[in-house]
Amino acid sequence: MGLMLSWIVPYILHQFVDLFAQENQLEFVFTMLVLFLGGFYSVIQFLASMRFDIKAKESWLHSTSSITKLIGAKLVCSLVGYVLFTILFTSIAIFNIKDELIASAGQILLVLVIIVIILTILQLMLFIVLLFFLAFYLQLKRIIGRFSIVLTMIVFYVTTAGWARVTESQLYRTIFLHGEVSLQNIEHYLPKAKEMTMEWMLGSIYVVEEIAITLLLLLLFLAASKLLERVVLR
């Protein structure tokens, strides 16, 4: 479906609708749409798979591995599938605009690697956060029933809004924004545009912040695994 949407649909549309001057520009837009929809589908697939396996408790209870390891293996499997999907369609997107770039094969490969790494990290974070809220919902459902989905959504909104406020606060900057590693030097090795205005802004990463976020995600994953273990063993 992704290949059809990124190649066939733009070709057909270009025959009837003159949205862009060149066909490959329309293909690029549709390929970006495929990347977005694919990331969304990957999350839905992962959560749906978790729900299905939780209902089939025998597959968990008869395994010699711990439930935490089984959940981790499922997460890694879903993430690997997403990485392969991202590599394929990011390559297609870059191929569609290659004529508009001044770049060598090495520069294009570098862009591909950077984009895949960034999207993979974001997807992993999303997997873990939503896994935690799935476990929270299943635990809450036992206590208050169907209303738990509403309460879970409220808690999710309050948590994400609160996290955004925390990361923008001066206290957060004082504590976590240390050990700066600038990525601006990499920008010199990235492709340049022939006509369209395009600037690479990689900014910086902070070692303390990255370590703190990694530890937080690890704690969320372990907490979600323990909550789901209680659901399975009930």
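Predicted model: local features only at pLDDT ≥ 70, side-chain atom pairs only at ≥ 80, totals over all residues.
The expected span of a helix is 1.5 Å times one less than its number of residues.

View 1. Helix α5 has 40 residues. From its first C-alpha to its last, α5 reaches 57 Å, close to the 58 Å expected at 1.5 Å a residue. Just after α5, glycine 145 has a positive phi of about 75°.

**View 2. The packing of helix α5 (residues 105-144) with helix α6 (residues 148-168).** Two packed helices are described by the angle between their axes and the distance between the axes. Here the angle is about 140° and the axes are 9 Å apart. The crossing of α5 and α6 is right-handed. Residues in the contact include Phe133, Phe136 and Tyr137 of α5 and Ile149, Val155 and Phe156 of α6. By class, the contact has eleven nonpolar, three polar and one charged residues.

**View 3. The aromatic pair of phenylalanine 46 and phenylalanine 127.** The count of aromatic pairs in the model comes to seven. In this pair the ring centres are 4.8 Å apart and the planes lie at 40°, so the pair is tilted. Phenylalanine 46 belongs to helix α2 (residues 23-55) and phenylalanine 127 to helix α5, so the pair ties together parts that are 81 residues apart in sequence. Both phenylalanine 46 and phenylalanine 127 are buried.

**View 4. The aromatic cluster of Tyr82, Phe85 and Phe89.** Tyrosine 82 and phenylalanine 85 form a tilted pair, 6.4 Å centre to centre with 35° between the planes. These two residues are three apart in helix α4 (residues 67-96), and therefore separated by about one helical turn. Tyrosine 82 counts as buried because its relative accessibility is 6%, and buried means under 20%.

How values were computed:
Residues numbered from 1 in each chain as written. Heavy atoms only, no water. Axes fitted to C-alpha atoms, helices over the stretch in contact; angles between N-to-C directions. Helix = DSSP H or I, 4+ residues; strand = E, 2+ residues; numbered from the N terminus. Left-handed = near helix turned anticlockwise from the far one by under 90°. Contact = heavy atoms within 4.5 Å. Nonpolar A, V, L, I, M, F, W, Y, C, P; charged D, E, K, R; others polar. Phe/Tyr/Trp six-rings, centres within 6.5 Å; stacked < 30°, edge-to-face > 60°. Buried < 20%, exposed > 50% of the residue type's maximum accessible area, 1.4 Å probe, protein only.
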